[in-house]
Structure formats: C-alpha cells, structure tokens
Amino acid sequence: MAITGNGSLATFLFLFLVPAALHKGAAQTPVVSQNLVTDDVWVVEGEMATISCRVKDSDDSVIQLLNPNRQTIYFRDMRPLKDARFQLVNFSENELRVSLSNVSLSDEGRYVCQLYTDPPQEAYADITVLVPPGNPIIEARDEVLREGNETEMTCTAMGSKPAATIKWMKGDKELPGKPKVELAYDKMYTVTSRLAFTVSKEDDGVPVACIVDHPAVKDFQAKKYLEVQYKPEVKIVVEFPQGLTREGENLELTCQAKGKPQPQKVNWVKVDDEFPSHAVITGGDLYIENLNKSYNGTYRCVATNTVGEAYEDYVLYVYDAPTTTPLPTTTTTSTTPASTTSAAIISHSHGPQDSAPSTEPAAHDSRAGEGSPRTVDHAVIGGVVAVVVFAMLCLLIVLGRYFARHKGTYFTHEAKGADDAADADTAIINAEGGHTNSDEKKEYYI
C-alpha cells in the first residue's frame, strides 16, 4: 500500500498493526453498552443518510464504524473502505459522525458502531431506504357517464417501498375503495385501488381524486373530472297574466328546458284535447290571445335529449271577466317550494329510457287556490263603502228631526206659592217676590 501526502511510518503502524492486535482479541463477544449510542435512520432513495456514533463517557478508546458486512468504514478519522460516498462529518473523543450520499436499496441494513474496550462495546443503527411510488395512474371505465348509471375507476401506485396506501375523494367527500397489494421485485410493491359508485347529474364537473399516502412523498395525487349526461329539466314560467286568468285577456307562457346535452326538441301539447287554433308557438314560448272558457285544460311542455325526455304541465282555468263575476270560489291544489308561479306541483316525467320510476306528473294551475295570487275586486269594496256612508246619513237625518220636534214648558219662581190661591188676584198677591204684574209669563224651551 502506498502512503501519500504527509504519511509516515507511525500512521502505517497505527492503521495496520493496531487493528491486527485488536483482532487478536476479537474472540471476545461484543456487548451492547449504554455508554455507546446511535440512532436508526430512514432515508429516501437517492438522498443522504447520516450515522452518528456517540460515547457518553470517553476513555480515549478507539471508535470505528462498520457496514452490514462488518467491513470497516471509518477507523477513528480514517476511511479504509474505498467507497467515496462515505464522508467524515465529525470526529472527536465523544463522536464519530459519517454521511452516506446517494443512498440506494443496496445500502439498507444494520450498521455497527464499535468502541474498542475490554470487552468491545457495540451499538446498532438500522438504515431503512424509502422508495416513493411512481406517479399514480387513474383510469375510468366510462369516459362519458349518464345519470343513474354505475361507473368504475382504478388507481395504481407502482414501485414503492414500503407499500403505499390509496384513498379516494369525490369533491369534498371521501369514498371507500378496494385496495390490492402486490410484491413486485426486491421488496418493491405495487398497489391498485378500485372504486365503484353511482353518478347523478350533480356529479357533472366534479373532480374525483386518487390520493397516494407514502412516507417518502406528500400530496401525491391524480384527478379526473366527471362528465355526466342527464335528462332535461323543464320549468314553465307565466309571463302574463300575473294573477287570475280571465275571459278576454291574453296568456303568455315560456318553457325553459336545460340538460346535458342541451335538449334538441321542445314541444307544446294540450293533454287529451286539441290545441286552440289561434295559439302561437315560437320555440319554447306559447301565446294565446282573447281567452275564453273553451281553452280550459292542461298544457304540457315536453323537452327531449339523447338521455331521455321530461315535461311539466300548466292547468289553465279561465274565469269570467271581473266586471260580471263575484269573488271566485277557491279550489285548493298542492304546491311545492320550487313553484314560482300560480298553484302548481312541479315534477318531471321520464321517458322510456329512464331506469328510475317516473314521478307523478303535476302542473301549474291558473285556478285560484292555496298559493295562487288573488286579485282585489274594487267594485265590491266601493259598494261596501257606499252602504256605510248611506246608513250614517240616514241616522243623522232621524236624529235631527227628533230634536227639532221635542219642546218643553216650565214655570219660573215668580209663580211659586200661587198654587193654593182662590183666584188669580189672590195668587198674584201671594206670589213670592211681591210682583204686582198680573201678566202671566210663559217661556218655551226648544
């Protein structure tokens, strides 16, 4: 062996003669001592690991580090092993610290910190190499989905150590998957998770995420956005009138339909009857002028796309003109919170392509009833006010005539004491006050 640099005979003797002398007593079984300590190391493949051998109470004994094959990596501050990935970080009487760069799976194992005492003392550091999985791969059985159908997705995380775990998220909701773990090669694992669920129209555009959990990586995931086709949603809006429908007025309805794909066809029909001859249909708008009671019935808007069809009904009931009709008798019909016009139950009827049973059809209703807007008959209110005013006037006239005809007669104190007089002259003489006036005074109260 060539000695370069500032090498000397003393260094040569120290490296070769001293270990040989120590080997002579190697038959003694090493003991695990609390005076010599180290730590286990977890490191991601390709990164750097650091092993630290520490002596609590130093007595100038020699410290060395051995690999899993018990080959000496460092003897004090000298490296006999020719692997340049090992580098001395720190050496003192109390510590030998060595780094290992570009760690690979072959570096995994138990490393030995050894203190040359009698008997030798040892401490063990296990290096565990973590291998992150490759990018997760998410696959869907169906690219385009239809509401009510079941779909299936799989997510695969390949080549990890240890095995990764996979969880599924649909929007903000976690869904249970069925994992499968396979040992591929050299302690490497492949994990596949399967997810099955039923889609609804609310899932359109919602992301489904496959999230991989592994000690070597964080926030490792793949996403796929759902594309869901669904039947049309139909809504009838009453543009005019806002209150009751009466004879002679016009009716204007708008049918709003949306779906995925967008409905190709929107039709108006009258259930179990013919459409009025002068009704005008423009796209989703229905216009009927000069209403009369022969137009009463159920008008239906039907929308269709490739997934199916749906409809909504409007029940027309025409009242008499307001000048000839008293307050209408109310007819109660059910309502739902979704209704935005007169009393109605809004529902969607499904075509033969639907897998779910059809809901009971319902309709807007133009008849007065619970939830229907009511109009105020001003003629009736005016009549009531006129009757009240007429009654008050009659009462005032009767009272005036009564008080005008009521008279009263009374006597003053001038005639007091004359009641017992024999004749008029004596009465005047006996009257109090000594009045000599014989003329009788009369006063009238009106």
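Let's start with a pair of facing residues: Cys-155 stands opposite Ser-193, which belongs to strand 17. Keep in mind that you're looking at a predicted model.

- Strand 13, covering residues 150-160, is joined to strand 17 by nine bridges, and the two run antiparallel.
- Zoom out and you get an open sheet of four strands, in the order 11-13-17-16, with antiparallel pairing.
- At the edges sit strand 11 (137-140) and strand 16 (178-183), each of which pairs on one side only.
- On average, neighbouring strands of this sheet are turned by 15° against each other, ignoring direction.

**The hairpin**
- Strand 17 (residues 189-198) is also joined to strand 16, this time by six bridges, and again the two run antiparallel.
- Strand 16 and strand 17 make up a hairpin, with five residues between them.
- Check the turn for Asp-186, which has a positive phi of about 45°.

- Is Val-385 buried, exposed or partly exposed? Its relative accessibility is 48%, so it counts as partly exposed; the exposed label takes over 50%.

**A loop threonine**
- Now find Thr-38, which lies in the loop between strand 2 (36-37) and strand 3 (41-44).
- Is Thr-38 buried or exposed? With a relative accessible area of 15%, Thr-38 is buried, because the cut-off for buried is under 20%.
- What does the side chain of Thr-38 reach? Follow it to the backbone oxygen of Ser-52, at 2.7 Å.

Notes:
Residues numbered from 1 in each chain as written. Predicted model: local features only at pLDDT ≥ 70, side-chain atom pairs only at ≥ 80, totals over all residues. Heavy atoms only, no water. Pairing = 2+ DSSP bridges. Axes fitted to C-alpha atoms, helices over the stretch in contact; angles between N-to-C directions. Buried < 20%, exposed > 50% of the residue type's maximum accessible area, 1.4 Å probe, protein only. Polar contact = N/O pair within 3.5 Å; in protein donor to acceptor, adjacent residues only side chain to side chain.
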